[in-house]
Amino acid sequence: MLKERGERLMTLEALDLATLSLRDGEKWASAPEGVLPAWVADMDFPVSPVIRRALVDRIDTDLGYPAWYDESHGGPLGEAFAERMLGRFGFTADPAHVRLFTDINQAMQIALHLGTSPGDPVALHAPVCPPFTETLTRLGRPPRPVPIRPRNGGWHLDLDLLADEIRGRGGTPCRALFLVNPHNPTGRVFRREELEELARLAAEHDLLVISDEVHAELAYEGHRHIPFAAISEEAAARTVTITSGSKAFNLAGARCAVAHIGVRRIREAVDAHRGLLFGQVSALGVDALRAAWTGGDAWLDAVRALLARNRRAVAEGLPEGVGYLPPEATYLAWLDCGALGLGDDPSAFFLERAKVMLFRGPDFGPEGRGFARLNFATSPAVLDELLTRMRTALPR
Ligand SMILES: Cc1ncc(COP(=O)(O)O)c(C=O)c1O
């Protein structure tokens with residue numbers, strides 16, 4: 001059964017509904033019969049053949065304990081990460097600063113655990129991707145969200161408001177800044193001037209900066225991702241940059257994320273705990289990500305072209321009255337359904353009436369009330385069906 005499933009999912013053309021519904025990952029398996037899932041940030045596209053080959057090679061060669069457990073010189077992905085950053089974004093990363101974690105959230109948790117103290121507030125932009133608020137709260141680092149708001153046909157970062165929040169508004173000042181750039185769910189790509197101002201604020205308030213850049217490779221034409229740590233050496237030395245293959249290469253199940261830890265004391269603390277506390281990533285995840293970065297560009301180009309097409313199709317096919325600013329990066333459409341009168345959680349309406357499963361807006365915090373997030377990383381045919389269902393569910 002699994003083999004049959006695997007063979008049918010091999011090609012981009014095979015993304016018909018019957019085939020997709022065979023999937024047993026969270027996105028498709030969680031959708032009740034007849035419902036189209038467009039919520040969790042996984043793409044429906046089959047993995048790059050280059051990655052598939054690397055995984056089979058790993059299994060055929062040696063799936064015993066890897067030889068790279070000592071990561072103090074950057075580990076098995078240090079060089080591949082540095083080359084990728086330089087080639088794609090002009091960022092000169094230090095391979096020796098790279099450490100591996102199972103996912104973005106774990107890397108963020110460890111950076112906060114080792115780099116801040118309980119009670120230290122953390123500034124971040126809202127709406128906030130749900131696991132982050134929970135992570136900060138559970139770690140006892142109070143989140144200090146600063147809204148990104150629509151202005152002049154785009155999403156606006158209010159840096160004065162952020163500066164006020166960092167200063168603590170008369171209470172405890174922030175000790176860390178958590179950036180999600182490109183931003184999920186708005187798809188906003190931060191501009192160089194904004195990053196420079198953020199770097200200035202970080203220096204002024206001596207903040208630890210954690211920069212989640214997992215959507216970076218999915219910026220659309222006309223938008224350029226700039227890693228925060230590329231702004232200056234000073235910025236790099238206070239920053240933990242986190243990325244993985246889970247978005248651009250659809251590798252969320254491979255469980256391997258990369259952190260470039262510019263902060264020496266955090267790097268040393270990670271090394272001191274290694275193996276005892278944090279576990280290790282899988283050899284399969286490492287090989288998958290290396291293959292993606294070193295040989296996956298043709299696949300990525302094809303996916304990016306399809307996403308650009310789908311992004312336009314969303315603009316043309318959404319129900320009338322839904323507010324949509326096409327994202328500057330990634331495959332998530334943040335839909336303002338406020339004018340439709342569907343209440344705080346419009347996804348409930350679309351699930352019941354359209355049989356389309358969107359991500360609940362209110363899960364992203366108060367800024368998400370009246371919003372829903374649509375994932376358009378699927379085949380044109382499935383997207384067309386999804387948009388048609390959404391349109392026809394609403395009264396004319
Ligand atoms: C901005 C952002 N960070 C992190 C993640 C989770 O990534 P991972 O599965 O590698 O932890 C997501 C997933 O949607 C995301 O959008």
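Strand S14 covers residues 371–375 and runs antiparallel to S13, with 2 bridges joining the two. Strands here are DSSP runs of E with at least two residues, helices are runs of H or I with at least four, and both are numbered from the N terminus. Two strands pair if DSSP finds at least two bridges between them.

The order S10-S11-S14-S13 makes up an open sheet of 4 strands with antiparallel pairing. Its edge strands, S10 (323–324) and S13 (359–360), each pair on one side only.

## About the model

This is a predicted model, in which local features need pLDDT of at least 70, side-chain atom pairs count only at pLDDT 80 or more, and totals for chains, interfaces and linings use all residues. Residues are numbered from 1 along each chain as its sequence is written.

## Two domains

The domain assignment, which is automatic or from a database, gives domain 1 (2–48 + 297–391) and domain 2 (59–295). Their C-alpha centres lie 25 Å apart.

Across the boundary, 26 residues of domain 1 are in contact with 33 residues of domain 2; contact means that the C-beta atoms, placed from the backbone, lie within 7 Å. On the domain 1 side, helix H13 (297–317) and strand S11 (332–336) are the elements that give two or more residues. H13 provides the largest share, 5 residues. By class, this side has 14 nonpolar, 5 polar and 7 charged residues. Ala, Val, Leu, Ile, Met, Phe, Trp, Tyr, Cys and Pro count as nonpolar, Asp, Glu, Lys and Arg as charged, and the others, Gly among them, as polar.

## A helix pair

Helix H6 (residues 104–115) packs against helix H11 (residues 264–273) at an angle of about 105°, with the axes 10 Å apart. That makes H6 roughly perpendicular to H11, a label for angles of 65 to 115 degrees. The axes are lines fitted to C-alpha atoms over the stretch in contact, and angles run from 0 to 180 degrees between N-to-C directions.

H6 makes the contact through Ile-110, Ala-111, Leu-114 and Gly-115, and H11 through Ile-266, Ala-269 and Val-270. This contact has 6 nonpolar, 1 polar and no charged residues.

## Around the ligand

The ligand is surrounded by 14 residues, and the closest are Ala-41, Asp-103, Ile-104, Asn-184 and Ser-246. A residue counts as near if its C-beta atom, placed from the backbone, lies within 6 Å. The shell divides into 7 nonpolar, 5 polar and 2 charged residues.

Methods. Parallel < 35°, antiparallel > 145°, perpendicular 65-115°, else oblique. Contact = placed C-beta atoms within 7 Å.
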